[in-house]
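Subject: Structure for your review

Dear colleague,

Please find below the structure that I am handing over to you. My notes on what was found in it follow directly after.

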Amino acid sequence: MKELRLMKGNEAIAEAAIRAGADAYFGYPITPQSEVLEYLMAEKPYERTGMVVLQAESELAAINMVFGAGSAGRKAITTSSSPGISLFQEGISYIAGAEVPCLIVNVVRGGPGLGTIQPSQADYFQATKGGGHGDYHLIVLAPASVQEMSDFVPLGFELAFKYRNPALILTDGLIGQMMEKVELFEQMPRATEFDQSWVATGKTPDRERNILTSLDLDSANMEKHNQALQAKYKKMRQEVRFEKFLCDDAEYLIVAYGSSARISQKTVQLARDKGIKLGLLRPITLYPYPYEVISDLADQVKGILSVELSTGQMVEDVRLAVNGKKRVEHYGRFGGMIHSPVEVLEAFTEIFLNH
Amino acid sequence: MKMELSDIIKEENIVYRRTPLMTDKILSYCPGCGHGTTHRIIMEVIEEMGIQSQTVGVAPVGCSVLAYDFMDIDWIQAPHGRAPAVATGLKRVMPEKFILAYQGDGDLAAIGTGETIHSCNRGENITVIFINNGIYGMTGGQMAPTTLPGMVSSTSPYGRDVKTMGNPIKMTELVAHLPGTYFVTRQAVHSPSAVRKAKKAIRKAFENQKLNQGLSFVEVVSSCNSGWKMTPVKANKWMEENMFPFYPLGDIKVDGIMVKKEESQKIQQP
């Protein structure tokens with residue numbers, strides 16, 4: 001029987017972590033995502049599945065606890081919001097360099113600095129282009145519903161272990177705080193099906209010691225390590241996920257992810273009511289990015305609008321995909337403000353139809 | 001009769017052998033540095049306890065960042081100062097394993113202060129080995145959190161002026177006052193007797209993990225002859241005359257109980 005529940009996005013992340021068989025959660029409170037830690041502490045997952053939950057003294061500590069637990073080959077997860085995610089970056093860079101799988105959730109709020117506690121999508125660059133120092137990438141998933149907040153937790157773990165790479169769920173305060181119906185998946189085992197030969201759990205006589213490090217003082221070796229990482233990122237491209245909405249006959253296209261995709265879906269319907277053939281492409285993976293499908297759609301449509309809760313970040317990837325073939329513009333409210341479907345339609349009309 | 005080395009190295013003549021848990025890799029440390037000796041006695045303890053397959057080390061950033069090259073156990077190389085947090089993550093998901101955080105003074109007492117204090121305060125059931133040589137060795141002899149008042153370093157070229165540069169921090173005394181620490185001691189490895197005592201302390205620090213009573217913290221006061229710009233012999237003498245009065249050797253907390261001051265004084269005296 002389906003297990004349906006009305007939940008906040010943040011609560012769905014927490015419940016999904018337990019059900020996905022996570023071994024450990026380490027976190028530090030920050031609005032608008034503190035419900036994750038609160039839910040887990042109340043739920044006593046150590047009694048349900050043996051999962052560890054620990055409130056760390058800082059985001060620096062939390063991400064490094066994740067580094068430790070992940071290095072043991074365990075499924076470790078942490079969640080935070082923008083300012084806390086900035087503090088994670090050092091650890092994320094080391095984790096990516098040492099190729100340790102883990103799952104990180106960013107419930108984005110407006111910035112820069114302490115910014116605001118309202119939703120934003122202004123951490124796109126940080127999430128998809130590295131964030132910390134060095135040439136590395138995270139696998140980035142962008143849920144657009146509370147259901148996906150739940151579903152992307154096991155998916156994130158799966159991809160993280162498949163590629164031995166940190167995965168990030170990039171969501172925002174809108175989806176984190178919003179309540180929706182969720183169909184919960186059944187409890188999964190805490191074990192993973194993926195290779196565990198690399199883990200640091202104690203050197204047994206049958207193998208060499210395992211060293212999880214991001215350091216190599218020999219630059220020639222470090223170059224090779226970087227080449228191997230790049231080869232891995234190239235392989236990850238097969239994981240591209242996206243959703244098309246009314247694209248088949250579209251003359252214009254909106255590209256939007258997460259909360260902006262939900263808003264833009266309504267915009268598309270409003271446009272269709274007026275006889276404007278507008279479609280929506282929703283990237284689900286932001287890294288790897290669906291460049292190819294956007295490039296293909298660019299051949300079909302007259303213009304593309306990238307809609308984000310930012311001053312324009314993802315629009316750069318849309319432009320890379322379109323490569324000058326068609327006009328690409330950006331629209332979005334920012335700093336914690338949220339655009340309405342009508343505002344998006346008005347912006348689209350102003351940019352593409354009135355000129 | 002001419003004697004070959006092989007005539008001497010015979011099973012019956014062997015009075016000492018290197019633990020097989022030290023790798024064949026030549027140590028990258030300077031002659032006279034305490035890291036090598038400390039590495040060896042940690043590995044001897046792990047060998048004697050038979051826990052190689054159950055031990056995971058966390059290496060810091062600093063001279064001992066390459067500790068994993070020399071000690072034949074599984075390792076994670078942590079960001080600067082974060083070793084106790086990484087160790088916490090490891091221990092929480094593998095409470096039955098022995099977890100070692102190996103750190104220098106810059107790592108543990110400056111950039112990692114928060115992680116050190118809180119892992120100690122939570123009583124993480126891990127072993128922290130803290131090498132204190134009062135200087136940043138790896139980066140070329142800069143002032144450390146533990147640099148003595150008046151001590152010259154490349155960033156305190158006229159001596160550490162405590163009025164403007166702050167005071168050296170006695171992290172070991174500090175963490176001893178936290179309820180989460182179970183065993184807190186300060187040792188050295190500059191003489192055979194000191195090595196024996198330090199090894200005993202490190203053994204206890206690992207044995208304690210079986211008790212699950214809290215964190216075991218072993219400071220090892222070490223010389224850094226390169227950073228101090230002295231010969232190894234002179235550096236050891238300087239350490240005895242200057243470091244030990246400020247960082248007195250001996251147990252500070254044993255089995256969760258603070259050692260009485262008189263007793264601790266007694267332990268300091270040879």
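The secondary structure of chain A comprises 13 helices and 15 strands; helices (H or I, at least four residues) and strands (E, at least two) are DSSP runs, numbered from the N terminus. This is a predicted model, in which local features need pLDDT of at least 70, side-chain atom pairs count only at pLDDT 80 or more, and totals for chains, interfaces and linings use all residues. Residues are numbered from 1 along each chain as its sequence is written, while chains are lettered from A and ligands numbered from 1 in the order in which they are written.

**Overall form of chain A**

The radius of gyration of chain A is 21 Å, close to the 20 Å that the globule rule gives for 355 residues, so chain A is as compact as a globular protein of that length. That radius is taken over C-alpha atoms, and the globule rule is 2.2 Å times the number of residues to the power 0.38. Along the principal axes, the C-alpha atoms of chain A fill a box of roughly 70 × 50 × 40 Å. Of the 355 residues in chain A, 54% are buried. A residue is buried if 20 or more other C-beta atoms lie within 10 Å of its own, exposed if 12 or fewer, and partly exposed in between, with C-beta atoms placed from the backbone. Among contacts in chain A between residues at least 6 apart in sequence, 79% join residues at least 24 apart; two residues are in contact if their C-beta atoms, placed from the backbone, lie within 7 Å.

**The two domains of chain A**

The domain assignment of chain A gives domain 1 (3-238) and domain 2 (241-353); such bounds come from an automatic or database domain assignment. The C-alpha centres of domain 1 and domain 2 of chain A lie 28 Å apart. To their contact, domain 1 of chain A gives 27 residues and domain 2 of chain A gives 22 residues. On the domain 1 side, the elements that give two or more residues are α6 (124-128), β6 (139-141), β7 (166-172) and α8 (173-177) of chain A. The largest share of that side, four residues, comes from α6(A). By class, the domain 1 side has 16 nonpolar, eight polar and three charged residues. Here Ala, Val, Leu, Ile, Met, Phe, Trp, Tyr, Cys and Pro count as nonpolar, Asp, Glu, Lys and Arg as charged, and the others, Gly among them, as polar.

A:Ala122 is found in the loop between β5 and α6 of chain A. This residue is buried, with 25 other C-beta atoms within 10 Å. Leaving aside neighbours within four places in sequence, the contacts of A:Ala122 include A:Val108, A:Ser310 and A:Phe334.

**A seven-stranded sheet in chain A**

An open sheet of seven strands in chain A has the order β3-β2-β4-β5-β7-β6-β13, with mixed pairing; two strands pair if DSSP finds at least two bridges between them. β3 (52-55) and β13 (285-287) of chain A stand at the edges, each with a single partner strand, so one side of each is left without a neighbour in the sheet. From one strand to the next, the twist averages 20°. Strand β2 (residues 24-27) of chain A runs parallel to β3(A), and four bridges join them. In this pair, A:Tyr25 stands opposite A:Val53. Helix α5 (residues 82-98) of chain A packs on the sheet, touching β4 (76-80), β5 (102-108) and β7 of chain A, and its direction makes about 155° with that of β5(A). Axes are lines fitted to C-alpha atoms, for helices over the stretch in contact, and angles run from 0 to 180 degrees between N-to-C directions.

**Where chains A and B meet**

The contact between the chains takes 29 residues from chain B and 34 residues from chain A. On the chain B side, β1 (55-59), β2 (74-77), α4 (83-93) and α6 (113-122) of chain B are the elements that give two or more residues. Of these, α4(B) gives the most, with eight residues. Strand β9 (residues 211-212) of chain A and β2(B) pair in the parallel sense over two bridges, and A:Ile211 has B:Trp75 as its bridge partner.

**Strand β4 of chain B**

In β4 (residues 127-132) of chain B, six of the six residues are buried. β4(B) pairs in the parallel sense with strand β3 (residues 98-104) of chain B over five bridges, and six bridges join β4(B) to the parallel strand β8 (residues 215-221) of chain B. B:Val128 is the bridge partner of B:Ala101 and also of B:Phe217 in β8(B).

With kind regards
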